[in-house]
There are 2 protein chains.
Amino acid sequence: MQHKSFADMQCPIARSLERVGEWWSMLILRDALRGARRFDQFQKSLAIAPNMLTRRLNSLVESGLLERRRYSDRPPRYEYVPTESARDFRPVLWLLISWGTKHFAPEGPSLLIVDAKTGARADPIVVDSASGRPLMSPDFTLAAGPAAGARLRRLYEAAGESNAAAAEGPRAKAARKKARLN
Amino acid sequence: MQHKSFADMQCPIARSLERVGEWWSMLILRDALRGARRFDQFQKSLAIAPNMLTRRLNSLVESGLLERRRYSDRPPRYEYVPTESARDFRPVLWLLISWGTKHFAPEGPSLLIVDAKTGARADPIVVDSASGRPLMSPDFTLAAGPAAGARLRRLYEAAGESNAAAAEGPRAKAARKKARLN
DNA sequence: CAGTATCCTGTCCGATACTG
DNA sequence: CAGTATCGGACAGGATACTG
């Protein structure tokens, strides 16, 4: 990430990454959503250098994912509590857990999503909220939305064709040259 | 990423990040899943420096997310095609899109998930595959799985209590000191 | 306990030039 | 077209020391 806030910044994935794309950010969020609040809780759980923790914590606060809340006046002490957007991020984390476990954990799951009351294991899948249809099936694609700029729209104009990128004509090359943004 | 492959490498989130945590990786995956196959397709779509693209492409191949496939013999030419694990990653991307759009796109959606045939917009949510229950509700938590090491297990031992982290006793501090791994 | 202050290394990433 | 080779800058991340 760093300074490359341009290029594709219209893409919502890029925008998300700008907030949580750093290595530690998601791990910190994971802990915050688990109930961690205070500096040293994060530090001990993550074994992260204190200066890094400060930096990531601040950037998460800046992005509106954590709220810095004073819990003591003398001495002044703060805790970091997840905001709504952080709580909204939980499903992403869950999917990442499920995906990582499935593909990169030959020894089996080290982290499970469970029903808090019954303790029953849950297995996260993504469905369309309206129809309930699972979205894993290949009959869903991406398409340019109303707020898409010309660049994005060009890439996604053919909503249905998933292998169409290869078929793109070699023209319009120069036109695209420096039209990075948008 | 980089050399910090220790610390919390048992966490499936960390493992996932190790594969797709670089800034460009997810964007490349996004394009690959859209149908991009060849070097310059990625390059034009992403406006990424060629050396970076090479690096990211190679690391994705190494991680088993892309397959490098020869499509021409003279001259030798390769294309990069998403593997099953990459296709499994699509839901994560969708959620990231949905999350990013909801929280960081005041101008509205620039990317939509649509039914490929009808063009109808889909709205991704995460549910338990067995019960169909939405997982957003706070009555799901994380718990240590069978493959969890002592460290992880300690953090997640109390499956149900979501705000319990603060209640952890101040003892067992020295014991944890250098027990980073596991 | 909750950080801040320094210093250092690795590498992500960009820009540009070059090649079969 | 599909990259490789080099160079330089910014910053993530680590280690350690210090403070109210």
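In this predicted model, the surface near DNA strand C draws at least two residues from each of α3 (39-46), α4 (50-62), β1 (66-72) and β2 (77-82) of chain A, and from each of α2 and α4 (50-62) of chain B. The points below take up the two DNA strands, the contact between the protein chains, and the pairing of the β-strands.

**DNA strand C**

- The element that gives the most to the surface near DNA strand C is α4(B), with five residues.
- There are 26 residues around DNA strand C, and those that come nearest are A:R38, A:D40, A:Y71, B:N51 and B:R55.
- By class, the surface near DNA strand C has 11 nonpolar, five polar and 10 charged residues.
- Sugar or phosphate accounts for 57% of the atoms of DNA strand C within 4 Å of the protein, and bases account for the rest.
- On the side of chain A, the side chain of A:R38 has an N or O atom 2.6 Å from a phosphate oxygen of DNA strand C.

**DNA strand D**

- Around DNA strand D there are 26 residues, of which A:W23, A:N51, A:R55, B:T54 and B:Y71 come nearest.
- Of the atoms of DNA strand D within 4 Å of the protein, 61% are part of sugar or phosphate, and the rest are part of bases.
- Two side chains of chain B approach phosphate oxygens of DNA strand D: an N or O atom of B:D40 is 2.7 Å from one, and an N or O atom of B:T54 is 3.3 Å from one.
- The elements that give two or more residues to the surface near DNA strand D are α2 (23-34) and α4 of chain A, together with α3, α4, β1 (66-72) and β2 (77-82) of chain B.
- From α4(A) comes the largest share of this surface, five residues.
- A base of DNA strand D is also approached by B:N51, which has a polar side-chain atom 2.9 Å from a base oxygen.
- The surface near DNA strand D divides into 11 nonpolar, five polar and 10 charged residues.

**Contact between chain A and chain B**

- Chain B brings 98 residues to the contact, and chain A brings 98 residues.
- In chain B, the residues that lose the most area to chain A are B:W23, B:R34 and B:W99, together 9% of what that side buries.
- Eight salt bridges are found across the interface of chain B and chain A.
- In one salt bridge, the side chains of B:K102 and A:D88 meet at 2.6 Å, N to O.
- Between chain B and chain A, 38 residue pairs are in polar contact.
- Several elements of chain B give two or more residues to the side that touches chain A, among them α1 (12-20), α2 (23-34), α5 (84-104) and β5 (124-128).
- The greatest contribution to that side comes from α5(B), with 18 residues.
- By class, the side of chain B that touches chain A has 55 nonpolar, 20 polar and 23 charged residues.

**Strand pairing between the chains**

- Strand β5 (residues 124-128) of chain A pairs with β5(B) in the antiparallel sense over five bridges.
- Within this pairing, A:V127 stands opposite B:I125.
- An open sheet of three strands, with antiparallel pairing, runs in the order β6(A)-β3(B)-β4(B).
- The edges of this sheet are β6 (140-144) of chain A and β4 (121-122) of chain B; each has a single partner strand, so one side of each is left without a neighbour in the sheet.

**Strand pairing within chain B**

- Two bridges link β3(B) and β4(B) in the antiparallel sense, and B:I113 has B:A122 in β4(B) as its bridge partner.
- The pairing of β1(B) with β2(B) is antiparallel and extends over six bridges.
- A hairpin of four residues joins β1(B) to β2(B).
- Opposite B:R68 stands B:Y80, in β2(B).

Notes. Residues are numbered from 1 along each chain as its sequence is written. Chains are lettered from A and ligands numbered from 1 in the order in which they are written. This is a predicted model: local features need pLDDT of at least 70, side-chain atom pairs count only at pLDDT 80 or more; totals for chains, interfaces and linings use all residues. Side-chain values use heavy atoms; hydrogens and water are left out. Contact means heavy atoms within 4.5 Å. Buried area is the accessible area (1.4 Å probe) that two parts lose on being put together, summed over both. A salt bridge is a side-chain nitrogen of Lys or Arg within 4 Å of a carboxyl oxygen of Asp or Glu. A polar contact is a pair of N or O atoms within 3.5 Å; within protein, one must be able to donate a hydrogen and the other to accept it, and residues adjacent in sequence count only if both atoms are side-chain atoms. Ala, Val, Leu, Ile, Met, Phe, Trp, Tyr, Cys and Pro count as nonpolar, Asp, Glu, Lys and Arg as charged, and the others, Gly among them, as polar. Two strands pair if DSSP finds at least two bridges between them. A residue is near a molecule or strand if one of its heavy atoms lies within 4 Å of it.
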